[in-house]
Amino acid sequence: MANDTLAPYALGKPPVPTQDQADEPPVHTMPLNLIEAVEGTLADFLAREIASLDEIDPALGGFARAARDSVLAGGKRLRPVFAYWGWRGVMGMEPRADAVLPALAALELLHTFALVHDDVMDASDTRRGRPTVHRVFEAQHVAAGRRGEPARFGEASAVLIGDLCLVWADRLLGTADVDADVLLATRRCYDQMRIEAVAGQYLDVLGESEPGSWSVARALKVARHKTAGYTVLRPLHFGLTLAGMPFAGRTRAVTDAYSGYGLAVGEAFQLRDDLLGVYGEPSVTGKPAGDDLVAGKPTALLMLAREMASTAQLAELDGAADVTRKAQVVAETGAPERVEKMIEERVAVALHALRRAPIDDAAREILTGLAVTATQRQA
């Protein structure tokens, strides 16, 4: 089971936490352990897929096991959690979730695809405290004494791992036990989620190549597409479409509420990531602190720091100062405090959007808690 502060909210109905209580594990009352159910669904599916590739060639079995290890390496499982509570919002707490579990789990395969490719693009060495996929294959290449450039082999293998996870996500989604028209509508939502994630990722790559033309507004646009859409907003819509007819007649009101909530929480989630990327504790985040500063990634945090910096501070941010000093300069501009305020404002917007939504009260309470927990995390 994923060991993080979001897990209890996947399990049941907790008291609504305050900002100061965000890291305290709430009491849960429901027997369903959503995260374990999702991971069990993934493990069963991946075992079958690995067996089929093993039959073709043992090397493919090893390749597929590397993909499985990436999928099951932990994480917050945010996307299935938000999709599940989006579904519960209109279905209520009575129906069993077995029929939609494959669709919820498919979102984790999609997420793995995005992470593996993102790590290649960022040349990251670690993910969740472990070597990234391209580094794993690079090391295998060296150990086996193969011909060719190890880094090139590692990157090519990681791209294929990501591609495989994307295809697996499609396949697993197709096994959800819902009506054909519901599955078709869900696939449309899923396709939109994927398009937006790719678009946001390209803007992120583009921003690194021309940071001088970037701005806070454009950094937030990247956050909306790269993170907010496929982390919170679209998973909520995904859950709605899985519900099918039970939300007919409430479609516009629920969709609007989920959109307002999802966009605000998703942006706040990315803003928290911006802070953790510079000031996070590596033993908790699983990634080195300061990676964004090393890469010159034009995050909202860095763009704000540049806007608020004095001439001398700007010179240090643009100069050869080490990462520790650059992080200190960003802090001295007051940008981190401004980002914290932006997170707080977005959580307030999200809770306002949710307050009058015509959804199940238990789901509303848990989504309220998730808005705080997802944006006040330490990893």
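Biologist: At what angle do H2 and H5 pack, and how far apart are their axes?

Modeller: Start with the general idea. Two packed helices are described by the angle between their axes and the distance between the axes. The axes are lines fitted to C-alpha atoms, for helices over the stretch in contact, and angles run from 0 to 180 degrees between N-to-C directions. Helices (H or I, at least four residues) and strands (E, at least two) are DSSP runs, numbered from the N terminus. Here H2 and H5 pack at about 80°, and their axes are 9 Å apart. That makes H2 roughly perpendicular to H5. On this scale, angles under 35 degrees are roughly parallel, over 145 roughly antiparallel, 65 to 115 roughly perpendicular, and the rest oblique.

This is a predicted model: local features need pLDDT of at least 70, side-chain atom pairs count only at pLDDT 80 or more, and totals for chains, interfaces and linings use all residues. Residues are numbered from 1 along each chain as its sequence is written, and side-chain values use heavy atoms, with hydrogens and water left out.

Biologist: Which residues of H2 and H5 meet?

Modeller: Contact means heavy atoms within 4.5 Å. From H2 come Leu 34, Ala 37, Val 38, Thr 41, Leu 42, Phe 45 and Leu 46. They meet Leu 101, Pro 102, Leu 104, Ala 105, Glu 108 and Leu 109 in H5. By class, this contact has eleven nonpolar, one polar and one charged residues. The classes are these: Ala, Val, Leu, Ile, Met, Phe, Trp, Tyr, Cys and Pro are nonpolar, Asp, Glu, Lys and Arg are charged, and the others, Gly among them, are polar.

Biologist: Take Thr 41. Is Thr 41 buried or exposed?

Modeller: Buried means under 20% relative accessible area, exposed over 50%, and partly exposed in between (1.4 Å probe, protein chains only). Thr 41 has 18% relative accessibility, so it counts as buried. Thr 41 sits in helix H2, residues 34-56. Leaving out residues up to four places away in sequence, Thr 41 touches Leu 101, Pro 102, Ala 105 and Leu 172.

Biologist: And which residues does Phe 238 touch?

Modeller: Phe 238 lies in helix H9, residues 216-243. Its relative accessible area is 0%, so Phe 238 is buried. Not counting residues up to four places away in sequence, Phe 238 touches Ala 83, Ala 103, Leu 104, Leu 107, Leu 173, Thr 186, Cys 189, Tyr 190 and Met 193. Phe 238 and Phe 82 are 156 residues apart in sequence, yet 9.1 Å apart in space, C-alpha to C-alpha.

Biologist: How many salt bridges does the structure hold?

Modeller: Side chains of opposite charge can pair when their charged atoms come close. A salt bridge here is a side-chain nitrogen of Lys or Arg within 4 Å of a carboxyl oxygen of Asp or Glu. The structure holds 27 of them. In one, Arg 77 pairs with Glu 108, the closest N and O atoms being 2.6 Å apart. Arg 77 is in the loop between helix H3 (58-71) and helix H4 (78-91), and Glu 108 is in helix H5 (residues 101-122), so the pair ties together parts 31 residues apart in sequence. Both Arg 77 and Glu 108 are buried.

Biologist: Which salt bridges involve Lys 226?

Modeller: Asp 118 and Lys 226 meet in one, at 3.6 Å, N to O. This pair links distant parts of the chain, with Asp 118 in helix H5 and Lys 226 in helix H9, 108 residues apart. Both Asp 118 and Lys 226 are buried. Asp 204 and Lys 226 meet in another, at 2.9 Å, N to O. Asp 204 lies in helix H8 (residues 180-209) and Lys 226 in helix H9, so this pair ties together parts 22 residues apart in sequence. Asp 204 has 8% relative accessibility and therefore counts as buried. A network of salt bridges links Asp 118, Asp 119, Asp 122, Arg 127, Asp 204, Glu 208, Lys 226 and Lys 297.

Biologist: How many disulfides are there?

Modeller: A disulfide is a covalent bond between the sulfur atoms of two cysteines. The cut-off is a pair of cysteine sulfur atoms within 2.5 Å. The structure holds zero disulfides. Cys 165 counts as buried at 0% relative accessibility, and Cys 189 counts as buried at 10%.
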